[in-house]
Amino acid sequence: MFYISQLIGKAKGIGRYVSNPFKKSPSQLPQSPNVPKTGLEDVQNTINMRNSENRETLRKKMFNYLKQIYTDYVDVGKDTYKSMKEHPFKALGYGIFMSSMLIFYKTSPSKTDYDSKRRELLNELIMCGSTYSKRSEFYLNEINKLDNSGLLEYKSCVFFSLILARKFSEFDDTYEKQCTQLHYPSRYNIFNLPNNILKFISRIVDIGFCSQWFFLNRNFVDYDIDEQEWNSKSSS
């Protein structure tokens, strides 16, 4: 045991003076590169320069795009003016047509206008006292019944308006109303197209055009004259 302990002590002593071949000295370790400050500033300056170039490129593209649009509109205006000088009557016809379409669009009456017109005519009937047209009263009462039952439908056709009579009330939620095959069984049958057109025409209650309602005004011509009274006087 004594000799073994001496051998171990000698081996430890030898190990102090023998260098480990796998252990590197501090001088052999890889050193991190010292990046100077000027290098980082150059990189930042390069990034900023590229960003500014991108902004300038975007501005130039936007400017060129707007310039191209402006040039196109100027060319179209010059060509239109030249064409108007060469064909004045044609230009006048186009101007009248476009102006008419704009007027028709602006004066197309709405559902609110229809209701206001009905109330106005009702007040005029009341102001007539006992002498008024029974035909006008009957027509207005029928329209009011349809409206109170939710059977009036408004359709805007851009340049004119339609007041239609529904088959079912807007408050009706029955199966017969929901199932389109029951009340439109041959909707996509081309041979039944005339029948569908006639059905649609029969649903028209009034036509609004240029702030006027055709059937409403027609039924209120001479609304302050009692036809029955005049007929009795003429017969006597």
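Close-up 1. With a disulfide taken as a pair of cysteine sulfur atoms within 2.5 Å, the count comes to zero. As a reminder, a disulfide is a covalent bond between the sulfur atoms of two cysteines.

**Close-up 2. The surroundings of Pro 109.** Pro 109 lies in the loop between α3 (88-106) and α4. Its relative accessibility is 2%, so Pro 109 counts as buried. Leaving aside neighbours within four places in sequence, Pro 109 is in contact (heavy atoms within 4.5 Å) with Tyr 154, Ser 161, Gly 208, Phe 209, Cys 210, Ser 211, Gln 212 and Trp 213. Look also for Phe 160, 51 residues away along the chain, whose C-alpha atom is separated from that of Pro 109 by 7.2 Å.

**Close-up 3. Helix α4 packing with helix α5.** Two packed helices are described by the angle between their axes and the distance between the axes. Here α4 (residues 111-127) and α5 (residues 134-148) pack at about 140°, with axes 11 Å apart. Axes are lines fitted to C-alpha atoms, for helices over the stretch in contact, and angles run from 0 to 180 degrees between N-to-C directions. The pair is therefore oblique, the class left over once angles under 35 degrees are called roughly parallel, over 145 roughly antiparallel and 65 to 115 roughly perpendicular. From α4, Lys 111, Tyr 114, Asp 115, Arg 118, Leu 121, Leu 122 and Leu 125 meet Ser 136, Glu 137, Leu 140, Ile 143, Asn 144 and Asp 147 of α5.

**Close-up 4. The chain as a whole, for orientation.** The protein chain has ten helices and four strands, where helices (H or I, at least four residues) and strands (E, at least two) are DSSP runs numbered from the N terminus. Of its 236 residues, 15% count as buried. Among contacts between residues at least 6 apart in sequence, 64% join residues at least 24 apart.

**Notes.** Residues are numbered from 1 along each chain as its sequence is written, and side-chain values use heavy atoms, leaving out hydrogens and water. In this predicted model, local features need pLDDT of at least 70 and side-chain atom pairs count only at pLDDT 80 or more, while totals for chains, interfaces and linings use all residues.

Key: Buried < 20%, exposed > 50% of the residue type's maximum accessible area, 1.4 Å probe, protein only.
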